[in-house]
Amino acid sequence: MSFTRISLYLKTLPLVGVLLLSACSSLPDQKSVERRAASLSQQSISSSRILQRAKTSMQKAQSQELAIYAPSYFTQAQTHYHAALEAYKQKLDKTEIHLNAHLSMEFVNAGQRNKKLVLEHLPKNLKHRRALKDLDAAKHQPLLAAAVEKQYLDVVRLIEMQKMDDVKNAQKALLKAMHQLEVKVIDATYLGKAQLMLKQSKEILALELMPQTFKQAQDKLSAVSYTHLRAHETGRNL
């Protein structure tokens, strides 16, 4: 490594330190991610080009739904991408732009690795989550659905933190919560629809009976009218 590159690398270290301190809770591989980003940021490339790469990386993160498979990594990637973009707009030091852009891309890469773990360890939960989405659970039971989704993300964060011993029990509790939500949604939708259909059936039956009732009313009205007419004619003839 040349003296110039070493010098530039050393300049990035304080910024990396600030990023580490600002993180709410460091991910297990966060230091290695930041070291790799700091090294890659020394490459000779224009700021506009590195920003375009970071943008493409974020688009990939969104299309692969990393927000639900690696929420912490996705948040970090998003934060650093916006930091790089803002630094570029304000024409700040190139080092800051490049470091944040590479941090964004490296967190996306780490998030993709976490997604593989989630798919491996939470297949039943993911299947149940899709079923709840198909049932439109968030619409029919918004508060409970939001609580279950938070519980799901908490389990995913356990995987992010590599707390695999805790995942098994958390996964079982999540499945139970998902099942309870599914039952409530079915009660609110299918049973509700059945009750509505029953009510509508009664209304239709009432409509079908109306012509008979109307005919009876017409017959009674005709009889009353005839009686009044006869009485009137009799009175007039007297």
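**Reading the salt bridges**

Guide: Let's start with a pair: Arg 113 and Asp 29 form a salt bridge through their side chains, at 3.9 Å from N to O. Arg 113 sits in helix H6 (residues 94-121) and Asp 29 in the loop between helix H1 (3-22) and helix H2 (30-40), so this pair ties together parts that are 84 residues apart in sequence. Keep in mind that this is a predicted model.

Visitor: Why would two side chains pair up like that?
Guide: Side chains of opposite charge can pair when their charged atoms come close. A search of the whole structure turns up five salt bridges here.

Visitor: Is Asp 29 buried or exposed?
Guide: Asp 29 counts as buried, at 17% relative accessibility, since the cut-off for buried is under 20%.

Visitor: Which residue forms a salt bridge with Arg 36?
Guide: That's Glu 106, and the closest N and O atoms are 3.1 Å apart. Arg 36 belongs to helix H2 and Glu 106 to helix H6, so the pair ties together parts that are 70 residues apart in sequence. Glu 106 is buried, at 8% relative accessible area, whereas Arg 36 is partly exposed at 47%.

Visitor: What about pairs inside a single helix?
Guide: An α-helix has 3.6 residues a turn, so residues three or four places apart point the same way. In this structure, Asp 154 and Arg 157 both lie in helix H9, three residues apart, about one turn of the helix. Salt bridges with shared partners join Lys 150, Asp 154 and Arg 157 into one network. The side chains of Asp 154 and Arg 157 meet at 3.4 Å, N to O.

Visitor: How many residues does H9 have, and what span should they cover?
Guide: H9 has 19 residues (142-160), and at 1.5 Å a residue they should span 27 Å; the end C-alpha atoms are 27 Å apart, which agrees. Among the buried residues of H9 are Ala 145, Val 148, Tyr 152 and Leu 153. Just after H9, Gln 162 takes a positive phi of about 60°.

Visitor: And how many helices and strands does the protein chain have?
Guide: Ten helices and zero strands. Of the chain's 238 residues, 33% count as buried. As for contacts with a separation of 6 or more, 79% come from residues 24 or more positions apart.

Notes: Residues numbered from 1 in each chain as written. Predicted model: local features only at pLDDT ≥ 70, side-chain atom pairs only at ≥ 80, totals over all residues. Heavy atoms only, no water. Helix = DSSP H or I, 4+ residues; strand = E, 2+ residues; numbered from the N terminus. Expected span 1.5 Å × (residues − 1). Buried < 20%, exposed > 50% of the residue type's maximum accessible area, 1.4 Å probe, protein only. Contact = heavy atoms within 4.5 Å. Salt bridge = Lys/Arg side-chain N within 4 Å of Asp/Glu carboxyl O.
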